[in-house]
Number of protein chains: 2
Amino acid sequence: MTLALVNGVAVANAGAAVALDDRGLQYGDGLFETTLLRNGEVRFWSDHLARLADGCKRLGLPGPSVEALAADVAKITAGQSDGVIKLIVTRGRGGRGYGVDAKASSTRIVTWHPEPAAAKSIRARWCTTRLGRNPALAGIKHLNRLEQVLARVEWNDAAIDEGLMLDTEGELICATSANVFIVNEGALYTPDLRFCGIRGVMRSKVIEAAANAGIVTHEEPLWPEDIDTASEVFLTNAVRGIRSIERIDDREWNSAPVASLLSHALGLS
Amino acid sequence: MTLALVNGVAVANAGAAVALDDRGLQYGDGLFETTLLRNGEVRFWSDHLARLADGCKRLGLPGPSVEALAADVAKITAGQSDGVIKLIVTRGRGGRGYGVDAKASSTRIVTWHPEPAAAKSIRARWCTTRLGRNPALAGIKHLNRLEQVLARVEWNDAAIDEGLMLDTEGELICATSANVFIVNEGALYTPDLRFCGIRGVMRSKVIEAAANAGIVTHEEPLWPEDIDTASEVFLTNAVRGIRSIERIDDREWNSAPVASLLSHALGLS
């Protein structure tokens with residue numbers, strides 16, 4: 001972690017930077033956004049801001065102003081051309097147990113990281129850790145991410161980049177840190193996320209780009225069997241873009257024309 | 001927050017004490033215990049340690065040694081007779097996204113707080129926020145507590161102390177920060193927590209004390225209707241002990257003989 005701001009102030013010691021009673025630490029009471037910095041611009045910045053605002057609204061969390069976030073990003077990216085910018089917004093400090101101190105204001109944590117390498121085509125696996133269902137939290141990029149952690153620590157094989165996750169009823173939902181799309185007879189399908197999963201910014205951009213290209217996207221319940229019968233499977237993530245899956249267990253795919261077309265349409269390649 | 005240790009070292013500035021990349025903050029990847037200090041002793045200390053160890057095992061989190069935790073508690077309670085000791089244990093710092101850095105060691109955060117006032121008899125309400133079901137996380141006192149936060153912020157009425165929560169299928173599970181018991185025809189009933197909820201230390205002590213007093217406890221699915229027909233309803237919490245409910249909406253209870261008996265048996269009164 002190279003650069004960090006907490007509430008707009010540069011962090012001198014990343015090892016002791018956040019308040020002990022911050023609700024992000026105490027309860028996971030907050031939200032995050034992970035964005036790509038490219039040529040000095042945060043890609044899809046307005047979409048990330050809109051999703052963050054929606055998350056704040058759904059959690060009843062009085063979030064920071066757009067101006068404060070923009071100032072943080074300008075400050076942390078000064079002199080940086082590329083990389084990853086992660087924003088964390090928590091409900092702030094203190095309160096009596098789970099109850100909230102009405103006078104508390106939200107905490108902003110903004111960090112810059114170097115951009116990770118991302119292959120365009122990857123291997124994936126099935127995770128055994130399931131996602132619980134709760135419509136009240138579905139779609140939101142909140143800080144309660146134990147299920148994803150438990151899924152990600154299921155494997156150590158560096159050749160496998162991602163793991164697909166089902167919910168407790170067996171519906172296909174997502175990868176540990178990506179949304180999933182399948183192609184079947186020329187149409188796109190992606191889980192509707194009515195019970196769990198994160199509504200990714202790249203997911204929305206892909207649905208939009210597909211519509212512009214005349215490809216219909218069906219947001220609906222999907223099941224593991226839908227992967228087997230798909231002509232193409234790809235993952236979307238705001239930082240890593242679109243990555244097609246070349247193999248899951250013994251099932252292989254040799255080409256990914258729709259993923260390529262959409263990557264090109266979104267200027268990701 | 002008056003006193004705090006992070007990994008055994010006294011915190012100089014509670015406003016900047018925890019690492020930015022601590023997984024407790026980033027993902028809620030950790031556990032906690034809230035215990036009562038009384039006459040210089042942590043009440044039910046061995047039970048709290050056992051639950052913490054069980055949580056670490058279930059999350060695959062290499063936790064701190066009992067010796068390190070005991071040393072922290074001894075250090076923070078030096079000169080203190082009473083109060084609340086909260087322990088947080090996280091999976092430590094860093095890692096690549098949700099993935100874990102194999103070299104990371106867990107973070108210990110130990111804080112002392114003054115003891116809150118706790119009435120023996122309280123008013124409660126029904127919360128509309130539901131708990132999602134996931135057997136993989138059920139029973140564990142982990143740091144993913146957004147559902148409890150959303151339930152607790154549903155009301156501001158200071159006359160109401162607690163809110164009862166159902167899961168997404170409508171089963172009665174707990175209060176926002178307590179387990180729930182009902183009495184019916186002389187027997188105790190409490191939710192079995194097979195899908196969600198925290199397996200409280202005080203809950204276990206109450207079941208044990210009831211058995212010693214010849215009262216059978218049924219751990220099984222309960223529903224809101226079971227509250228209406230109960231002769232007595234009480235909540236259990238490691239710090240606040242046993243609190244009987246005197247009123248929920250229009251339903252009132254005028255006495256709580258079983259709660260009184262168990263409080264006495266456990267030396268809580």
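1. Copies are superposed here by least squares on the C-alpha atoms of residues with pLDDT of at least 70 in both. Treated in this way, chain B can be laid on chain A with an RMSD of 0.0 Å by a turn of 180° and a shift of 0.0 Å along the axis. The two copies are thus related as by a two-fold rotation axis, and in chain B the C-alpha nearest that axis belongs to L25(B), at 2.0 Å from it.

2. On the basis of these remarks: this is a predicted model, in which local features need pLDDT of at least 70 and side-chain atom pairs count only at pLDDT 80 or more, while totals for chains, interfaces and linings use all residues. Residues are numbered from 1 along each chain as its sequence is written, chains are lettered from A in the order in which they are written, and side-chain values use heavy atoms, with hydrogens and water left out.

3. The contact between the chains (heavy atoms within 4.5 Å) takes 54 residues from chain B and 54 residues from chain A. Of the interface residues of chain B, 100% are also interface residues in chain A, so the copies meet through the same surface. The buried area, meaning the accessible area (1.4 Å probe) that two parts lose on being put together, summed over both, is about 4,400 Å² between chain B and chain A, and carbon and sulfur atoms give 64% of this. L20(B), Y98(B) and L146(B) supply 20% of the area that chain B buries against chain A, more than any other three residues.

4. A nonpolar core is a set of buried Ala, Val, Leu, Ile, Met, Phe, Trp, Tyr and Cys residues joined through side-chain atoms within 4.5 Å, where buried means under 20% relative accessible area, exposed over 50%, and partly exposed in between (1.4 Å probe, protein chains only). The largest such core has 26 residues, and those touching the most other members are V18(A), L20(A), I109(A), V18(B), L20(B) and I109(B). Elements of both chains each supply at least two residues of this core, namely strand 1 (3-6) and helix 1 (23-27) of chain A together with strand 1 (3-6) and helix 1 (23-27) of chain B. Helices (H or I, at least four residues) and strands (E, at least two) are DSSP runs, numbered from the N terminus.

5. Helix 7 of chain A, residues 257-265, has V258(A), A259(A), L262(A) and S263(A) as its buried residues. Seen down the axis of helix 7 of chain A, these buried residues fall within an arc of 135° (taken from the directions from the helix axis to the C-beta atoms), so they line one face of the helix. An α-helix has 3.6 residues a turn, so residues three or four places apart point the same way. The face turned away from the buried side of helix 7 of chain A carries the exposed residues P257(A), H264(A) and A265(A). In chain A, the partners against which the buried residues of helix 7 pack are strand 10 (179-184), strand 11 (187-190), helix 5 (201-212), strand 13 (232-237) and strand 14 (241-248). Just after helix 7 of chain A, G267(A) takes a positive phi of about 70°.

6. Turning to charge pairs, a salt bridge is a side-chain nitrogen of Lys or Arg within 4 Å of a carboxyl oxygen of Asp or Glu. The whole structure holds 33 salt bridges over all chains, yet across the interface of chain B and chain A the rule finds zero.

7. In chain B, R199(B) forms a salt bridge with E219(B), and their closest N and O atoms are 3.7 Å apart. R199(B) lies in the loop between strand 11 (187-190) and helix 5 (201-212) of chain B and E219(B) in strand 12 (residues 217-219) of chain B, so the pair ties together parts that are 20 residues apart in sequence. R199(B) counts as partly exposed at 35% relative accessibility, and E219(B) is also partly exposed, with 39%.

8. A further pair in chain B is D192(B) with R194(B), whose side chains meet in a salt bridge (3.1 Å, N to O). At 17% relative accessibility D192(B) counts as buried, whereas R194(B), at 34%, counts as partly exposed. In chain A, R133(A), D167(A), E171(A), D192(A) and R194(A) are linked in a network of salt bridges.
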